[in-house]
Amino acid sequence: MDDASNAPMSRMPAAVVSSRWGGPPASGAGGSEGENTAESAAAAAPTAPARPGILGWDIGGVNTKVARVAGGRVVFASAHPYEIQRDPSALPALLARVAASAGATPHDAHAVTMTAELSQLFRTKREGVGVVLDAVAAAFPGARAVVFAVDGRFLELDAARAEPLAVAASNWVATAGVVARDYRDAVLVDVGTTTADVVPIVGGAVVALGRTDPERLTSGELVYTGALRTPVEAIVHEVPLADGWAGVSAEGFALAGDVHLWRGTLAPADYTVPTPDGRPATREFAGERLARVVCADRELLDDAAIDAIAGRVADAQVERIAGAVRRVVGRHPALRAGGTAVVTGLGDFLAAAAAERAGLRVRHLAERVGDAAARCAPAAAVALLLAEVVAPDAGA
């Protein structure tokens, strides 16, 4: 690597941030709304800000998340579907619009994490980081904006341009750093729409082996399976059918979101990406898409057959994440023998099942902060981290 250290992330100290996730979740903070063709906001309603705050951003390739911190606490969090590949020029306007929805003031500072640089729109991560930084600068001219790096630094925009691999895919570090303030020995399991992060915390420090995506894939700390976007054929090769096992088609007929929508662990409003067939994100149509996995349809397969297919896919996801948890926990004696897993993300139900299967006690981050902030944990975390190092009147 030419922009970030190759050294393992050995005992990276958790950032200096108190337990300020916001106390009990605000009334109304746990829901989500919107259809897959519109912005979806799982958010607490913003209140009129009494002082400048900090907006935390987690800018991804298919979702952009924001959280606002004021008075040292998370007061707003929301997630907005947006595929940068389809219209990268729309990102500045999206950021400005989302900031306004969060109740931002012109004096708010901005703390940024990102994963959008991995989009296939960009030939290199350097290019993707640059596009995101350009969008932030265009959306908030004159505002203070800094970017969080995988080693815990906050970099000004120009410095981030000079070290693109230091700021690429740093969102997991922010979440783990804040979680480490409440849980000195734990494993963070964050299952989002696309991937799962498995991050060890020992003695109040983040002790992940990997920093970059390739390193984290190698160490088992990043697993490419998520609650929504993962194609079924990327999860299993066979599913039960009648009295035997059927190989699955590789046609992109169904996503993990169809599995969990059918099983009731995701709501239709959670299905914030286009469906494979363009039909609505409902249980009925999810069943039709799952039938296609074995080249069938609902005239050929009854509910029990769809249940069996969906159950097999869900179990395979749980087992894959559990395997990563076992591998990561196995490197740290302090996390073994009934240790604690802190679970979060859109797929926290997958994270919880995987952690339990790996023999860990489960704590849901949403129980502390509400679903809105928990589903936007990196955005909330990076705002809290910046609140600890800026002037007291800027969000701390």
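Figure 1. Just after helix H7, Gly264 takes a positive phi of about 85 degrees. This is a predicted model, in which local features need pLDDT of at least 70 and side-chain atom pairs count only at pLDDT 80 or more, while totals for chains, interfaces and linings use all residues. Residues are numbered from 1 along each chain as its sequence is written, and side-chain values use heavy atoms, with hydrogens and water left out. Helix H7 spans residues 256-263; helices (H or I, at least four residues) and strands (E, at least two) are DSSP runs, numbered from the N terminus. Seven of the eight residues of H7 are buried, where buried means under 20% relative accessible area, exposed means over 50%, and partly exposed lies in between (1.4 Å probe, protein chains only). The buried residues of H7 are Ala256, Gly257, Asp258, Val259, His260, Leu261 and Trp262, and what covers them includes helix H8 (283-292), H9 and H10.

**Figure 2. The crossing of helices H9 and H10.** The axes of H9 (residues 303-330) and H10 (residues 348-357) come within 8 Å and cross at roughly 55 degrees; axes are lines fitted to C-alpha atoms, for helices over the stretch in contact, and angles run from 0 to 180 degrees between N-to-C directions. The two helices H9 and H10 are therefore oblique to each other, given that angles under 35 degrees count as roughly parallel, over 145 as roughly antiparallel, 65 to 115 as roughly perpendicular and the rest as oblique. On the H9 side, the contact (heavy atoms within 4.5 Å) is made by residues including Ala314, Asp315, Val318 and Ile321, and on the H10 side by Leu350, Ala353, Ala354 and Arg357. Seven of the residues in this contact of H9 with H10 are nonpolar, one is polar and four are charged; Ala, Val, Leu, Ile, Met, Phe, Trp, Tyr, Cys and Pro count as nonpolar, Asp, Glu, Lys and Arg as charged, and the others, Gly among them, as polar.

**Figure 3. The salt bridge of Asp315 with Arg357.** Asp315 forms a salt bridge with Arg357, the closest N and O atoms being 2.7 Å apart; a salt bridge is a side-chain nitrogen of Lys or Arg within 4 Å of a carboxyl oxygen of Asp or Glu. Asp315 lies in H9 and Arg357 in H10, so the pair ties together parts that are 42 residues apart in sequence. Both ends are partly exposed, Asp315 with a relative accessible area of 32% and Arg357 at 36%.

**Figure 4. The crossing of helices H5 and H12.** The axes of H5 (residues 171-182) and H12 (residues 377-387) come within 8 Å and cross at roughly 65 degrees, and the two helices H5 and H12 are therefore roughly perpendicular to each other. From H5 the contact is made by Asn171, Ala174, Thr175 and Val178, and from H12 by residues including Ala377, Pro378 and Ala381. The residues of this contact of H5 with H12 divide into eight nonpolar, two polar and no charged.

**Figure 5. The salt bridge of Glu221 with Arg331.** The structure holds 19 salt bridges, and in one of them the side chains of Glu221 and Arg331 meet at 3.3 Å, N to O. Glu221 is in the loop between H6 and strand E11 (222-223), whereas Arg331 is in the loop between H9 and strand E14 (340-344), 110 residues apart. Glu221 is buried, with a relative accessible area of 1%, while Arg331 is partly exposed, with 29%.
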